[in-house]
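Please keep the sequence and the structure in view while reading.

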Amino acid sequence: MDEEREVLKTGVFLAVFSSALLVGVGLFWGFPWQVSLLLVVVSVAIAGLISGMTLAGVRSAARRKALTHGALVTWAGRNEGRFGTTVAEFTGDAQGWELAASPRFRGELLAVGRPQGVEVGVACSVEDVGEAGTAVTAVLVRLPGQRSPARLSPREIRRRR
């Protein structure tokens, strides 16, 4: 809601500023009032179009985030897990989620679960890249048992060669 309000305030500012600028230019150069009025109407229409398009993008992002929120809550419920919006919600849990300690488990929407005994974490976030943000989803899996071969020490790597 705050983002929508910001978009609308920016649109109003753009319309008022462009209208005042066009009226000032029209008076300075001596344009007939009809031409100045036409330019003001066109500038307000363009400002409205820009605000409408930006507002549609903001609403679309909010709708996408709400759908992702619902999907993660459902997934966590089906897989004996939890859903949260901060990592702190998982650290005090009696389940002992180990993925919550991972530096890659960061985002706006977080969920962990244990489908078939394997701990899985899902982290979703939106990176602000210009007007259209980029949705990023990371799926982290912690396999039971030994250390992952990807995390071998240099000595263990030399020994396996």
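**Overall organisation**

The structure is a predicted model. Its average pLDDT, the predictor's own confidence score, is 80, and 79% of the residues score at least 70. Confidence is highest in helix H1, at a mean of 89, and lowest in helix H4 (residues 154-160), at a mean of 66. Where pLDDT is low, the predicted coordinates should not be read in detail.

The protein contains 4 helices and 4 strands. Along the sequence these elements follow the pattern α-α-β-α-β-β-β-α. The accessible surface amounts to about 11500 Å², and carbon and sulfur atoms contribute 62% of it. The protein has 161 residues, of which 26% count as buried. Among contacts with a separation of 6 or more, 38% join residues 24 or more positions apart.

In soluble globular proteins, nonpolar side chains tend to be buried together. The largest nonpolar core of this model has 10 residues: Val87, Phe90, Trp97, Leu99, Ala100, Phe105, Leu110, Val112, Ala123 and Leu140. Another core, of 7 residues, lies apart from it and includes Ala76, Leu109, Ala111 and Cys124.

What does leucine 110 touch, when residues up to four places away in sequence are not counted? Its contacts include Val87, Phe90, Phe105 and Ala123, as well as Arg82, Gly84 and Val122.

Helix H1 (2-29) and helix H2 (33-78) are separated by a loop in which phenylalanine 31 is found. Phenylalanine 31 counts as partly exposed because its relative accessibility is 35%. Leaving aside residues up to four places away in sequence, phenylalanine 31 touches Val25, Gly26 and Ser36.

Is serine 43 buried or exposed? Serine 43, which is placed in helix H2, has a relative accessibility of 11% and therefore counts as buried, the cut-off being under 20%. With the same exclusion of residues up to four places away, its contacts are Ser18, Ser19 and Leu22.

Leu14, Leu38, Val42, Ile46 and Ile50 form a nonpolar surface patch of about 420 Å². Helix H2 gives the most to this patch, with 4 residues. Isoleucine 50 lies in helix H2 and is partly exposed, with a relative accessible area of 42%.

**Salt bridges**

The whole structure holds 5 salt bridges.

| Residue pair | Distance |
|---|---|
| Aspartate 2 and arginine 5 | 3.5 Å |
| Arginine 59 and glutamate 4 | 3.4 Å |
| Lysine 9 and glutamate 6 | 3.5 Å |

The pair of arginine 59 and glutamate 4 links distant parts of the chain, for arginine 59 belongs to helix H2 and glutamate 4 to helix H1, 55 residues apart. Aspartate 2 and arginine 5, by contrast, are 3 residues apart in helix H1, so about one helical turn separates them. Lysine 9 and glutamate 6 are likewise 3 residues apart in helix H1, which means a separation of about one helical turn.

Aspartate 2 is exposed because its relative accessible area, 56%, is over 50%. Arginine 5 counts as partly exposed at 45% relative accessibility, and arginine 59 counts as partly exposed at 42%. Lysine 9, at 48%, counts as partly exposed, and glutamate 6 is partly exposed with a relative accessible area of 44%.

Terms used
Residues numbered from 1 in each chain as written. Heavy atoms only, no water. Helix = DSSP H or I, 4+ residues; strand = E, 2+ residues; numbered from the N terminus. Buried < 20%, exposed > 50% of the residue type's maximum accessible area, 1.4 Å probe, protein only. Contact = heavy atoms within 4.5 Å. Patch = residues over 30% accessible without salt bridge, like charges linked within 9 Å, V, L, I, M, F, W, Y side chains within 5 Å. Areas by Shrake-Rupley, 256 points an atom, 1.4 Å probe, with all protein chains shown as cover. Salt bridge = Lys/Arg side-chain N within 4 Å of Asp/Glu carboxyl O. pLDDT = per-residue confidence, 0-100. Core = buried A, V, L, I, M, F, W, Y, C linked by side-chain atoms within 4.5 Å.
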